[in-house]
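Here's a quick tour of one protein model, from overall layout down to a few residue pairs. Have a look at the fold first, then read on.

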Amino acid sequence: MDIQVATRKRLCLDCDKPVYGRVDKKFCNDQCRVSHNNKINHNTIESVKSINIILKKNRSILSKLSEGNSTKISSIKLLGTGFNRDYHTHTYKNSKGELYIFCYDYGYLTLANEEFLIIKKKI
Ligand SMILES: [Zn+2]
């Protein structure tokens, strides 16, 4: 294969100008490389930030509804607060096979009769 032809067709991942030189070269120069990586990092940071906001809100809701070590609450009351069940930090299954879903140190267990059991885990 003619390397010169192949390299001429490649475009900089940052500015879309043609890239010349080594076959594996992806950017015009270091400035474009740094700029491209900064954009990727920025998008990653924004995604992490928005998920962290949801997780912290979920934890705050569980914390406000919690009274003592364990609190039973209706699903209507919990979900009416804007609690987002799609996001959690981790889960814990006890010896009975019950799955607790946590947002940081607060967790909940789905009970049979449209209720949740909210618990606070000691760290
Ligand atoms: Zn460039």
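Which residue in S4 does Ile101 stand opposite? That would be Tyr108. The rest of this report puts that pair in context.

## What you're looking at

This is a predicted model, where local features need pLDDT of at least 70 and side-chain atom pairs count only at pLDDT 80 or more, while totals for chains, interfaces and linings use all residues. Residues are numbered from 1 along each chain as its sequence is written.

## Overall layout

The protein has 3 helices and 5 strands; these are DSSP runs numbered from the N terminus, with helices being H or I of at least four residues and strands being E of at least two. Read from the N terminus, the order is α-α-β-α-β-β-β-β. The radius of gyration is 25 Å, well over the 14 Å that the globule rule gives for 123 residues, so the protein is more spread out than a compact globule. (That radius is taken over C-alpha atoms, and the rule is 2.2 Å times the number of residues to the power 0.38.) Along the principal axes, the C-alpha atoms fill a box of roughly 70 × 30 × 30 Å.

Buried residues come to 10% of the 123. Buried here means that 20 or more other C-beta atoms lie within 10 Å of a residue's own, against 12 or fewer for exposed and partly exposed in between, with C-beta atoms placed from the backbone. Of the contacts between residues at least 6 apart in sequence, 35% join residues at least 24 apart; a contact means C-beta atoms, placed from the backbone, within 7 Å.

## The sheet

The 5 strands make an open sheet in the order S1-S5-S4-S3-S2, with antiparallel pairing. S1 (70-74) and S2 (90-93) are the edge strands, each pairing on one side only. Two strands count as paired if DSSP finds at least two bridges between them. From one strand to the next, the twist averages 30 degrees, with axes as lines fitted to C-alpha atoms (for helices over the stretch in contact) and angles running from 0 to 180 degrees between N-to-C directions.

## Walking along the hairpins

Start with S2 and S3 (residues 99-103), which are joined by 4 bridges. His90 has Phe102 as its bridge partner, and Thr91 stands opposite Ile101. This hairpin has 5 residues between its strands, and Gly97 takes a positive phi near 85 degrees.

Next, S3 pairs with S4 (residues 106-110) over 4 bridges.

Then S4 pairs with S5 (residues 115-120) over 5 bridges, with Lys120 as the bridge partner of Tyr106. This hairpin has 4 residues between its strands, and Glu114 has a positive phi near 55 degrees.

## The core

The largest nonpolar core has 7 residues: Leu62, Phe102, Cys103, Tyr106, Tyr108, Phe116 and Ile118. Such a core is a set of buried Ala, Val, Leu, Ile, Met, Phe, Trp, Tyr and Cys residues joined through C-beta atoms within 7 Å. S3, S4 and S5 are the elements that give two or more residues to this core.

Leaving out residues up to four places away in sequence, Phe116 touches Ile73, Ser75, Leu78, Tyr108, Leu109, Thr110 and Leu111.

Note on methods: Contact = placed C-beta atoms within 7 Å.
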